[in-house]
Amino acid sequence: MTRIAYDSVAKDDFKVFVFDYNTDKIADSDKLYKAFESGWPVVIRNMNIPGIDYEYYDNLPDWTIKDNKWIMPWYNSHIKKRERLRTERGWTEDEIDIFHKKHKKANEGWNEIFDELFPRYETTERMLSHRYNTLVENKLHLDELDEQHTGHEQQIRMFVQLDKKRPRVLTFGPDLEQMYHKYYWDFDLQNIDKNDVHTFITEMRNRCVWNDKMWDQFHHPLHYITFNPGDVWFFNAQWITHQIVFGTKLQCFEADILNKSLIDPELCMAERIRDL
């Protein structure tokens, strides 16, 4: 079972939606759309992604990187070019061939499950990435948007825990709205341009989390979620601060959803930031 440990002081400031794929009838349901668009973490239990060979991914050797450093995930372009798989994992051409086939099958399955869960959403781009290195306690952070994201789309990142022996543990801190109101005068947040989504996210992170007070570790109220093997989850990683406590084998399916197709377009990032 997914385990949630709420901060004892700020427990009322954090929400998690937990669904069971077998019993909750979530596909194309208003409750699922509203849960995603809220930005809060959403966990779906007992949902197998078609096409994913869970045994294959679980049996991949552990990958520990020196000094616990973050490394860019493997995207389709990396897998097709092969070089990173050769140099980072020392794989043979046959091993890369197998991984590439598994990747294509998994990508097809993710697209199938996304269309089943969210058929009302119009998307512009979808991609699958692989994140198999072990991470232990990185910094509390907000994910930045790359320059391809203009604010006219809402990004969804859906994760699945592929390590069948160990769970993944994340903490979640305050969201942008909570930090903006709490630290408005302390860090001159009124000076940040709310019409520039990219700058706003970066400046909020730098001033309220990655500051010289070292608030990226154990300053903010933190809520812990332990994701079981096979769990699928998503949340708005640009809106809510978060931190990996421990994690290993993971896949991430990303899609860019046009704001106009959201159930509540006012909950897109650009609008939420402007309304602060």
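**Figure 1. Lysine 25 counts as exposed, at 74% relative accessibility, in a predicted model.** Here exposed means over 50% relative accessible area, buried means under 20%, and partly exposed lies in between, with a 1.4 Å probe and protein chains only. Lysine 25 is found in the loop between strand 2 (17-20) and helix 1 (30-38), where helices (H or I, at least four residues) and strands (E, at least two) are DSSP runs numbered from the N terminus. Although lysine 25 is not a glycine, its phi is positive, at about 50°. Most residues other than glycine have a negative phi. Residues are numbered from 1 along each chain as its sequence is written. In this predicted model local features need pLDDT of at least 70 and side-chain atom pairs count only at pLDDT 80 or more, whereas totals for chains, interfaces and linings use all residues, and side-chain values use heavy atoms, with hydrogens and water left out.

**Figure 2. Asparagine 22 and helix 1.** The loop between strand 2 and helix 1 also holds asparagine 22, which is exposed with a relative accessible area of 58%. The C-alpha atom of asparagine 22 is separated by 34 Å from that of isoleucine 96, which is 74 residues away along the chain. In helix 1, the buried residues are Leu32, Tyr33, Ala35, Phe36, Glu37 and Ser38, and just after this helix glycine 39 takes a positive phi of about 90°.

**Figure 3. Overview of the whole protein.** The protein has eight helices and 12 strands. Its radius of gyration is 19 Å, close to the 19 Å that the globule rule gives for 276 residues, so the protein is as compact as a globular protein of that length; the radius is taken over C-alpha atoms, and the rule is 2.2 Å times the number of residues to the power 0.38. Along its principal axes, the C-alpha trace spans about 60 × 45 × 35 Å. Of the 276 residues, 54% count as buried, and the accessible surface comes to about 13200 Å², of which 49% belongs to carbon and sulfur atoms. Contact means heavy atoms within 4.5 Å, and among contacts between residues at least 6 apart in sequence, 83% join residues at least 24 apart. There are 37 positive and 48 negative side chains, and the centres of the two sets lie 4 Å apart; Lys and Arg count as positive and Asp and Glu as negative, while His and the chain ends are not counted, and the place of a charge is taken as NZ of Lys, CZ of Arg, CG of Asp or CD of Glu.

**Figure 4. Arginine 82, between two helices.** Arginine 82 is placed in the loop between helix 3 (76-81) and helix 4 (83-89). It counts as buried, at 15% relative accessibility, and has a positive phi of about 75° although it is not a glycine.

Figure 5. Helix 5 (residues 93-117) has 25 residues and reaches 36 Å from its first C-alpha to its last, close to the 36 Å expected at 1.5 Å a residue, the expected span being 1.5 Å times one less than the number of residues. The buried residues of helix 5 include Ile96, Phe99, His100, Trp110 and Leu117. Helix 7 (residues 197-208), with 12 residues, reaches 16 Å from first C-alpha to last, close to the 16 Å expected. Among the buried residues of helix 7 are Val197, His198, Phe200, Met204 and Cys208, and what covers the buried residues of this helix includes helix 6 (176-182) and helix 8 (269-274).

**Figure 6. Threonine 226 in strand 9.** Threonine 226 lies in strand 9 (residues 223-227) and is buried, with a relative accessible area of 15%. Leaving aside neighbours within four places in sequence, threonine 226 is in contact with Thr2, Arg3, Pro167, Arg168 and Val169. The C-alpha atoms of threonine 226 and arginine 166, 60 residues apart along the chain, are separated by 10.0 Å.

Figure 7. Cysteine 268, in the loop between strand 12 (250-258) and helix 8, is buried with a relative accessible area of 3%. Apart from neighbours within four places in sequence, it is in contact with Gln154, Asn259 and Leu262. Aspartate 67, in the loop between strand 4 (63-64) and helix 3, is exposed with a relative accessible area of 58%. Aspartate 67 and glutamate 254 are 187 residues apart in sequence and 28 Å apart in space, C-alpha to C-alpha.

Note on methods:
Areas by Shrake-Rupley, 256 points an atom, 1.4 Å probe, with all protein chains shown as cover.
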